[in-house]
Amino acid sequence: MDDLKHGTRNKRGDWAPHKPVEYAPLFVFPMRAKAILKWVPHYFFPWNVIFAASAVAYWAWVIPSTETMQTLSIGWAAWLYAVNAVCVLLFYGAFEMHLYALKRQANRFKYNGKFPAENKSKAFWFERQNVDNILRTFLSGVTVWTAIEVGMLWAYANGYAPWLTFTDSPWTLAIVALVVPIIHEFHFFCVHRLIHTRLLYRWVHSVHHNSVNPSPWSSLSMHPVEHLLYFGTAFYHLILPSNPIIMLYQLHYAGFGAIPGHVGFDKVEIGEEKTIDSHAYAHYLHHKYFEVNYGDALVPLDKWFGTWHDGSAEGDAQMQARYRKRKEKLAARKKDGEAREAAE
Ligand SMILES: [Zn+2]
Ligand SMILES: [Zn+2]
């Protein structure tokens with residue numbers, strides 16, 4: 001497929017889409033009914049359906065009986081860890097294999113012209129991005145994910161979390177299921193903004209940002225504290241009128257859903273003519289510029305807080321203006337401090 005019909009490639013080989021990134025029309029006022037109708041299928045297919053279906057499959061085949069879950073034990077926790085690890089290996093591995101190992105679509109639709117493995121870097125364990133990212137994913141990522149999952153299931157089994165059934169409250173649960181991505185967006189934006197503060201960035205979030213050129217395994221390559229905050233989305237279901245399957249959907253949305261944002265390609269080619277949108281450009285720009293796009297472009301939080309970058313020249317100019325303003329502010333503050341010191 002000719003990716004230059006959809007975007008441009010610069011001298012360095014970096015590809016960028018023609019169209020700036022847009023927010024979901026759901027929160028664009030005045031509301032445009034036609035745009036919303038056109039967008040609705042994208043809200044479900046393919047990603048959200050995959051994460052919701054995997055939660056249902058877990059409930060049917062993986063999650064132990066309520067009786068077992070009433071007591072915490074290594075046995076069922078280890079079983080859940082094993083299943084999560086295998087699913088991550090298969091799901092993440094499929095993208096890695098298709099796009100990065102076999103390079104089936106070469107660099108068509110690839111934002112960064114380079115493939116990460118081409119450079120060794122001291123920022124990573126063993127100086128290799130992939131080795132570092134994979135170890136962090138399984139040592140801490142899947143472990144924290146499983147620990148929260150076990151804790152939540154134990155809470156459900158013991159009546160500590162509101163557990164509605166699909167037969168008694170189908171509408172309430174349908175609404176909660178529909179807002180799962182919105183809960184994630186709010187939570188992720190807040191947590192992400194928090195770990196971009198100076199100290200937390202240095203100690204926690206810089207681990208994730210070591211992957212300036214993200215690839216599938218970068219998705220869950222985080223500091224354990226970030227894993228804890230990130231998978232903390234499940235805790236909303238301790239107070240929401242919900243159900244363990246929807247709580248699992250929330251976790252899968254975070255765990256498996258991290259991948260589309262980090263594949264590094266705008267479209268994943270399936271066969272000759274078909275492609276799937278990754279919706280990754282906003283987060284790619286975050287990895288490139290650090291202080292833009294804390295959210296994932298579902299709710300216009302970045303627009304409201306002035307940190308939005310849509311990939312266009314105007315987006316770039318706004319970001320530069322913001323950086324300049326901050327620099328001036330810091331310089332003025334420094335000058336003030338020096339004047340005060342001289343006066344004392
Ligand atoms: Zn990221
Ligand atoms: Zn960040």
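Helix 5 and helix 9 of this predicted model are roughly antiparallel to each other (a term for angles over 145 degrees), because their axes, which are lines fitted to C-alpha atoms over the stretch in contact, cross at roughly 170° on a scale from 0 to 180 degrees between N-to-C directions and come within 11 Å. At this contact, for which C-beta atoms placed from the backbone must lie within 7 Å, Trp-145, Glu-149, Met-152, Leu-153 and Tyr-156 of helix 5 meet Pro-244, Met-247, Leu-251 and Gly-255 of helix 9. The residues involved comprise seven nonpolar, one polar and one charged, where Ala, Val, Leu, Ile, Met, Phe, Trp, Tyr, Cys and Pro count as nonpolar, Asp, Glu, Lys and Arg as charged, and the others, Gly among them, as polar.

Of its 12 residues, 11 are buried, that is, 20 or more other C-beta atoms lie within 10 Å of their own, and the cover includes helix 2 (47-61), helix 5 (129-157), helix 6 (170-194) and helix 8 (224-231).

Residues are numbered from 1 along each chain as its sequence is written. Local features were considered only at pLDDT of at least 70, and side-chain atom pairs at pLDDT 80 or more, whereas totals for chains, interfaces and linings use all residues.

Key: Chains are lettered from A and ligands numbered from 1 in the order in which they are written. Helices (H or I, at least four residues) and strands (E, at least two) are DSSP runs, numbered from the N terminus. Two residues are in contact if their C-beta atoms, placed from the backbone, lie within 7 Å. Angles under 35 degrees count as roughly parallel, over 145 as roughly antiparallel, 65 to 115 as roughly perpendicular and the rest as oblique.
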